[in-house]
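Thanks, everyone. Let me put the model up, and then we'll walk through how it packs.

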Amino acid sequence: MKELLRTTDPTIIPYATALLQGEGIEVFDIDVHMHTLESTLGMMPRRLMVRREDHFMAVSILRDNGIPLHD
């Protein structure tokens with residue numbers, strides 16, 4: 001597994017997930033429950049993970065759709 005995206009914006013994870021799943025890439029939102037517990041402050045980022053072999057393609061898909069990625 002490799003981290004693809006980290007964000008506190010609640011709209012980016014579902015959008016990125018839909019884009020990637022539409023291309024057949026399986027995604028894993030690993031902080032969804034922690035973010036829900038802490039959602040009133042909005043400081044806890046959520047992370048989106050993909051399989052290592054899908055990472056390059058996933059990065060390309062998100063960049064093509066204007067989703068900012070961490071470095």
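By a nonpolar core I mean a set of buried Ala, Val, Leu, Ile, Met, Phe, Trp, Tyr and Cys residues joined through side-chain atoms within 4.5 Å. Keep in mind that this is a predicted model.

The largest nonpolar core here has 17 residues. Those with the most contacts inside it are Leu4, Leu5, Leu20, Leu48, Val50, Leu62 and Ile67. Which elements give two or more residues to this core? Strand 1, helix 1, strand 3 and helix 3 do. Helix 1 provides the largest share, five residues.

Take Leu48. Leaving aside neighbours within four places in sequence, its contacts include Leu4, Leu5, Ile13, Ala16, Leu20, Val27 and Phe28. Lys2, Glu3, Thr17 and Asp29 are also among them.

Now helix 3, residues 55–64. Its buried residues are His55, Ala58, Val59, Ile61 and Leu62. Down the helix axis, the buried residues of helix 3 fall within an arc of 165 degrees, so they line one face. What do they pack against? Strand 1 (2–7), helix 1 (12–22) and strand 3 (46–50). On the other side of helix 3, Phe56, Arg63 and Asp64 are exposed. Just after the helix, Gly66 takes a positive phi of about 75 degrees.

Last stop: Thr7, in strand 1. Buried or exposed? Thr7 has a relative accessible area of 12%. The cut-off for buried is under 20%, so Thr7 counts as buried. A polar atom of the Thr7 side chain lies 2.9 Å from the backbone nitrogen of Asp9. Beyond four places in sequence, Thr7 is in contact with Ile12, Ile13, Pro45 and Arg46.

How values were computed:
Residues are numbered from 1 along each chain as its sequence is written. This is a predicted model: local features need pLDDT of at least 70, side-chain atom pairs count only at pLDDT 80 or more; totals for chains, interfaces and linings use all residues. Side-chain values use heavy atoms; hydrogens and water are left out. Buried means under 20% relative accessible area, exposed over 50%, partly exposed in between (1.4 Å probe, protein chains only). Helices (H or I, at least four residues) and strands (E, at least two) are DSSP runs, numbered from the N terminus. The arc is that of the directions from the helix axis to the C-beta atoms. Contact means heavy atoms within 4.5 Å. A polar contact is a pair of N or O atoms within 3.5 Å; within protein, one must be able to donate a hydrogen and the other to accept it, and residues adjacent in sequence count only if both atoms are side-chain atoms.
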